[in-house]
Amino acid sequence: MANALRVGCVISLCSLRNTTSYLPLLSNATRFRSKFPFFTLSSSQNSFGSPSFRTLSSSSIDEAVTTEAITGNASGEAESSIRDSAGLLDIRVGRILRAWKHDEADSLYVEEVDIGEPEPRIICSGLVKYIPIEHLQGKKVIVLSNLKPRNMRGVKSCGMLMAASDAKHENVELLFPPEEAAPGERIWFGTEDEKDNQPAAATPNQIQKKKIWELVQPHLRTDVSCIAMLGEHVMRTSVGSVACQSLQNANIS
């Protein structure tokens, strides 16, 4: 068959006799090409007034195969790079000890959060419009802990509570771990047996300088079961996966 293809055989579409009848074929040419990369539609017509297929040369086929291989490798390398970058984030199980409204910013809560350190973290979150304060007290949460501290209207915020939101950002829900998860446990993306393969977390300066969070964040979403995912990799604790309450296919930030 390969020899026949390389001599440039032509397949005529005998049943197509006018332009109108073969327009659907032309519109589907890309789909045909993806299934049969050694054929292409010719701009010329055959004796029946229909478009012709012609075979690509051996060099064209080799070029197409090489291009597809390079594209596939690049895609795989990009996914690996994003996952490696995610491994540099220090994402921890936390528990909100207490929360109150920011004195100088109506949209902000201030929370004291236990993430397994000697002292609780102070974190500011723009959740006032979305979550009643009574739903925060004592709640287990997910904390991105190696961001550089930010001054938020006079309060130094040392971390970020991770949350899911819909496309219009009208609904926001905090991510949460299984109830049995201990504050301070570091979270990873992958299978259960990959827990011990986590790299050391980057410093806050490295996170900022290399824009690691900006690289990873667009690839974080919930799935149809509201489980937090990095691409196809589950966001995990040692006792189960991380999730939100009800937002499916939602952005995570």
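## Exercises on a predicted model

Glu185 lies in the loop between strand 12 (172-174) and strand 13 (188-189), where strands (E, at least two residues) and helices (H or I, at least four) are DSSP runs numbered from the N terminus. This is a predicted model, in which local features need pLDDT of at least 70 and side-chain atom pairs count only at pLDDT 80 or more, while totals for chains, interfaces and linings use all residues. Residues are numbered from 1 along each chain as its sequence is written, and side-chain values use heavy atoms, with hydrogens and water left out.

**Exercise 1.** Decide whether Glu185 is buried or exposed, and list what it touches.

*Solution.* Begin with the cut-offs: buried means under 20% relative accessible area, exposed over 50%, and partly exposed in between (1.4 Å probe, protein chains only). Glu185 counts as buried because its relative accessibility is 13%. Next, look for contacts, meaning heavy atoms within 4.5 Å; when residues up to four places away in sequence are not counted, Glu185 touches Ile91, Arg92, Val93, Lys195, Thr237 and Ser238.

**Exercise 2.** Work out the strand order of the open sheet of 5 strands, and find which strands stand at its edges.

*Solution.* Two strands pair if DSSP finds at least two bridges between them, and the open sheet that results has the order 6-5-4-7-10 with antiparallel pairing. Strand 6 (121-125) and strand 10 (160-161) each have a single partner strand, so one side of each is left without a neighbour in the sheet. Now go through the pairs, starting with strand 5 (residues 109-114), which is paired with strand 6 over 5 bridges; here Val110 has Cys124 of strand 6 as its bridge partner. Strand 4 is joined to strand 5 by 6 bridges, and Arg98 stands opposite Glu112 in strand 5. Strand 4 is also joined to strand 7, by 5 bridges, and the bridge partner of Arg92 in strand 7 is Val143.

**Exercise 3.** Describe the largest nonpolar core, and say which element gives the largest share of it.

*Solution.* A nonpolar core is a set of buried Ala, Val, Leu, Ile, Met, Phe, Trp, Tyr and Cys residues joined through side-chain atoms within 4.5 Å. The largest one has 28 residues, and among those with the most contacts inside it are Leu89, Ile91, Ile142 and Met235. Two or more residues each come from helix 4, strand 4 (91-101), strand 7 (140-144), helix 6 and strand 15 (228-230), with the largest share, 3 residues, coming from helix 6. For Leu89, leaving aside neighbours within four places in sequence, the contacts include Leu144, Ile207, Trp213 and Val216. A second, separate core has 16 residues, including Ala99, Tyr109, Leu127 and Val172.

**Exercise 4.** Find the residues closest to the centre of the largest pocket, and sort its lining by residue class.

*Solution.* On a 1 Å grid over the protein atoms alone, a pocket is an open set of points where a 1.4 Å probe fits, with protein on both sides within 12 Å along at least five of seven lines, and lining residues have an atom within 4 Å of a point. The largest pocket holds about 590 Å³, a volume being the space filled by probe spheres set on the points, which are joined across faces, edges and corners. Its lining has 27 residues, of which Leu147, Arg150, Gly159, Met160 and Trp213 are the closest to the centre. For the sorting, Ala, Val, Leu, Ile, Met, Phe, Trp, Tyr, Cys and Pro count as nonpolar, Asp, Glu, Lys and Arg as charged, and the others, Gly among them, as polar; this gives 15 nonpolar, 8 polar and 4 charged residues.
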